[in-house]
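Hi there,

Here is the structure I promised to pass on. Please have a look at it first, and my notes follow below.

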Amino acid sequence: MNSVESLYLHDNGLTKIQEDIGAIPELRVFDVRNNALQRIPTSLGRIDHFDGFHIEGNRIINLPKEVIKGGADSILSYLREYLSDNLVTNKVVKMVLVGHEGAGKTPLVKTLTLVAG
């Protein structure tokens with residue numbers, strides 16, 4: 001049976017990688033450098049080991065910048081933790097509303113407070 005071990009997809013203008021890519025347990029090299037990706041599939045966290053994992057040169061928005069700066073090990077660790085449901089997320093948001101008097105700021109704050117609480 002043939003299996004995919006390496007994906008060299010760098011410099012192709014890709015905008016999306018399918019989420020089910022994590023269903024390729026034999027995948028060892030994932031190179032998507034210099035594309036137009038905004039999301040890295042969380043399913044990649046299911047793969048046990050990578051010999052090469054490169055996402056540089058994309059504008060990834062579904063991973064914290066600190067995680068991306070930490071490199072491949074940090075990213076994969078984050079994805080694995082995310083998939084295990086042990087990831088701690090910040091559920092507190094501080095918001096400042098600015099606007100003219102009578103613009104509806106107070107009802108908005110009350111609605112948001114009811115929904116969150």
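A word on terms before the notes: a residue is called buried under 20% relative accessible area, exposed over 50%, and partly exposed in between, using a 1.4 Å probe and protein chains only. This is a predicted model, so local features need pLDDT of at least 70 and side-chain atom pairs count only at pLDDT 80 or more, while totals for chains, interfaces and linings use all residues. Residues are numbered from 1 along each chain as its sequence is written, and side-chain values use heavy atoms, with hydrogens and water left out.

Let me start with helix H2. Helices (H or I, at least four residues) and strands (E, at least two) are DSSP runs numbered from the N terminus. H2 covers residues 72-83, twelve in number, and spans 16 Å from its first C-alpha to its last, close to the 16 Å expected at 1.5 Å a residue. That expected span is 1.5 Å times one less than the number of residues. Which residues of H2 are buried? They are Ile75, Leu76, Tyr78 and Leu79. Because they cover an arc of only 155° around the axis, they lie on the same side of H2; the arc is taken from the directions from the helix axis to the C-beta atoms. Their cover includes strand S3 (52-54) and helix H1 (65-69).

After H2 comes Asp85, with a positive phi near 65°. Asp85 belongs to the loop between H2 and H3, and its relative accessibility is 70%, so it counts as exposed. Between Asp85 and Arg28 there are 57 residues in sequence and 24 Å in space, C-alpha to C-alpha.

Asp11, in the loop between strand S1 (6-8) and S2, has a positive phi near 55° although it is not a glycine. Asn34 also has a positive phi near 55° and is likewise a residue other than glycine. Asn34 sits in the loop between S2 and S3 and is partly exposed, with a relative accessible area of 41%.

How many salt bridges does a search of the whole structure find? It finds one, where the term means a side-chain nitrogen of Lys or Arg within 4 Å of a carboxyl oxygen of Asp or Glu. The partners are Asp31 and Arg33, at 2.5 Å from N to O. Asp31 is buried at 2% relative accessibility, whereas Arg33 is partly exposed at 30%.

The loop between strand S2 (29-31) and S3 also holds Gln38, which is partly exposed at 46% relative accessible area. Leaving aside residues up to four places away in sequence, Gln38 touches Thr15, Arg59, Ile60, Ile61 and Asn62, with contact meaning heavy atoms within 4.5 Å. Gln38 and Gly99 are 61 residues apart in sequence, and their C-alpha atoms are 32 Å apart in space.

Last, the surface. Val93, Met95, Leu97, Leu108, Val109 and Leu112 make a nonpolar patch of about 520 Å². Patches are built from residues with over 30% relative accessible area and no salt bridge, joining like charges within 9 Å and nonpolar side chains (Val, Leu, Ile, Met, Phe, Trp, Tyr) within 5 Å. Areas come from the Shrake-Rupley method with a 1.4 Å probe, and for residues only the protein chains shown count as cover. Leu112 lies in helix H3 (residues 105-116) and is partly exposed at 38% relative accessibility.

Best wishes
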